[in-house]
Amino acid sequence: MTLADLLEALRACPLVASVQASEDSPLEDPETLARLAQASASQGVRVLRAQGGANLRAIRSATGLPCIGLNKRRFEGSDVYSPPTACEVDVVINSGCEIVALDATARTRPKGATLVELVARIHAADRLAMGDCDTPESIQHALDAGCDLVGTTLSGYTEA
């Protein structure tokens, strides 16, 4: 998928439906989330956002729609959890998602990972990188690191 393809899908329906559930939610189940994604698609949604390898594979299989994927994991000593290291980025890439979303703040990542390295890894897999941002400064940080698009998805979720 190219950025032009994504923009075309968003022109058809500018809403991105987030099909995610908290870890402790009874909805946190690949089949359930796939059905919720199908419900969104039946109403015209053309781009989905979801997290976790099994969920992403189920949603993509059920809908065929492009997905903005992420894989959350917490590490001691870092507030970055979406996806914080190459391992979590690879889970999203291996799920087949066209777009990999990742925390684009300047906060320290675990295991010495950097945003620039993770974006390069995403691009090497021929995927788009979406920077999840909280401030205008993190938007610039995302763009400087090579992110293809940004969202204000972390606004209100960080100390900034």
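**A note on the fold and its cores**

1. Let me start with the surface: the chain exposes about 8100 Å², and carbon and sulfur atoms supply 50% of it (areas by the Shrake-Rupley method with a 1.4 Å probe; for residues, only the protein chains shown count as cover). Please keep in mind that this is a predicted model, in which local features need pLDDT of at least 70 and side-chain atom pairs count only at pLDDT 80 or more, while totals for chains, interfaces and linings use all residues. Residues are numbered from 1 along each chain as its sequence is written, and side-chain values use heavy atoms, leaving out hydrogens and water.

2. On overall dimensions, the radius of gyration of the chain is 15 Å, which agrees with the value near 15 Å for a compact globule of 160 residues (taken over C-alpha atoms; the rule is 2.2 Å times the number of residues to the power 0.38). The C-alpha atoms fill a box of roughly 40 × 35 × 30 Å along the principal axes. Of the 160 residues, 48% are buried (under 20% relative accessible area, with a 1.4 Å probe and protein chains only).

3. The chain has six helices and six strands (DSSP runs numbered from the N terminus: H or I of at least four residues for helices, E of at least two for strands). From the N terminus, the elements run α-β-α-β-α-β-α-β-α-β-α-β.

4. The six strands make an open, parallel sheet in the order β1-β2-β3-β4-β5-β6 (strands pair if DSSP finds at least two bridges between them). At the edges, β1 (16-18) and β6 (149-151) each pair on one side only. From one strand to the next, the twist averages 25°.

5. Now a closer look at one pair: β4 (residues 99-103) and β5 (residues 128-132) are parallel over five bridges, and Asp103 has Asp132 of β5 as its bridge partner. Helix α5 (residues 115-124) lies across both strands and runs at about 175° to β4 (axes are lines fitted to C-alpha atoms, for helices over the stretch in contact; angles run from 0 to 180 degrees between N-to-C directions).

6. The largest nonpolar core has 29 residues, with Leu48 and Ile59 making the most contacts inside it (buried Ala, Val, Leu, Ile, Met, Phe, Trp, Tyr and Cys residues joined through side-chain atoms within 4.5 Å). Helix α5 gives the most to this core, four residues. Beyond four places in sequence, Leu48 touches residues including Val16, Ala37, Ile59 and Ile68 (contact means heavy atoms within 4.5 Å). A second, separate core of 10 residues includes Ala9, Ile68, Leu70 and Leu149.

Definitions and conventions:
Buried < 20%, exposed > 50% of the residue type's maximum accessible area, 1.4 Å probe, protein only.
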